[in-house]
Amino acid sequence: MSGGSLCPLCPDTALDPLGHHAATCRHGSDVVARHNRLRDIFANFCRWAHLSVQVEVGYGLARDHINSRPADILVQGWDRGKPAAFDVTVTSPLTPVSLNNASASVGAAAYAAECRKHAANDTMCQELGWLCIPLAVETYGNWGKEAQSVFSRLASLLSISQAIPKPKMLSEIYSRLNMSLVRSVARAIMGREAVQG
């Protein structure tokens, strides 16, 4: 991507040679489509493990949080009988806010995204009796610690239900999610370049 070109969807913003703007641009459908693909892949793994799954749950359920939706995926009985509200979020380690932390600590941007999700959703989830579990990933594929823990547990469940070794299931989870992430970032970059060309 050539430096100096402007984003066709937000013309006052320059496209950078590394594709950071294209990967994080909120205009157009790339960000929502990426989120929904990651959500659906995770939900399908949960279904494959014979878990009870609902997608996009929470609007209007809690008194003080009428317009909030803390569960991209709600899985019943995840931990000690409590449902888990999984919230997928993709964040960039290259934003001005997170760049200093990201350069000092691997996964700092994903950790910050987990903290933001907890701040936004913990109270509502507690009211509903749900666990709030962010599934945070950086645009280049580094998953947050909470997501890593969830994937490990899910791989264990899948290894039992599918009679496939846990390491193989864990590799499959990461492979499918990260391939979707990489494709979505490439699609966003190439889409903006094609409009420029």
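Q: Which residues of H4 are called buried, and by what cut-off?
A: They are Ala108, Ala109, Ala110, Ala113, Glu114, Asn121, Met124 and Cys125. Buried means under 20% relative accessible area; over 50% is exposed and in between is partly exposed (1.4 Å probe, protein chains only).

The model is predicted: local features need pLDDT of at least 70, side-chain atom pairs count only at pLDDT 80 or more, and totals for chains, interfaces and linings use all residues. Residues are numbered from 1 along each chain as its sequence is written, and side-chain values use heavy atoms, without hydrogens and water.

Q: What makes Thr91 count as buried?
A: Its relative accessibility is 12%, and the cut-off is under 20%, so Thr91 counts as buried. Thr91 lies in strand S3 (residues 82-91). Beyond its neighbours within four places in sequence, its contacts (heavy atoms within 4.5 Å) include Ala109, Ala110 and Ala113. Those three are among the buried residues of H4.

Q: How do you know how the reach of H4 compares with the expected span?
A: H4 (residues 108-128) has 21 residues and reaches 29 Å from first C-alpha to last. The expected span is 1.5 Å times one less than the number of residues.

Q: What is the bend of H4 at Asn121, and how is it defined?
A: About 50°. The bend is the angle between axes fitted to the seven residues ending there and the seven starting there.

Q: Why is Arg34 said to have no salt bridge?
A: A salt bridge needs a side-chain nitrogen of Lys or Arg within 4 Å of a carboxyl oxygen of Asp or Glu. The nearest side chain of opposite charge, Asp30, is 7.9 Å away, so Arg34 has none.

Technical notes:
Helix = DSSP H or I, 4+ residues; strand = E, 2+ residues; numbered from the N terminus. Lys, Arg positive; Asp, Glu negative; His and termini not counted.
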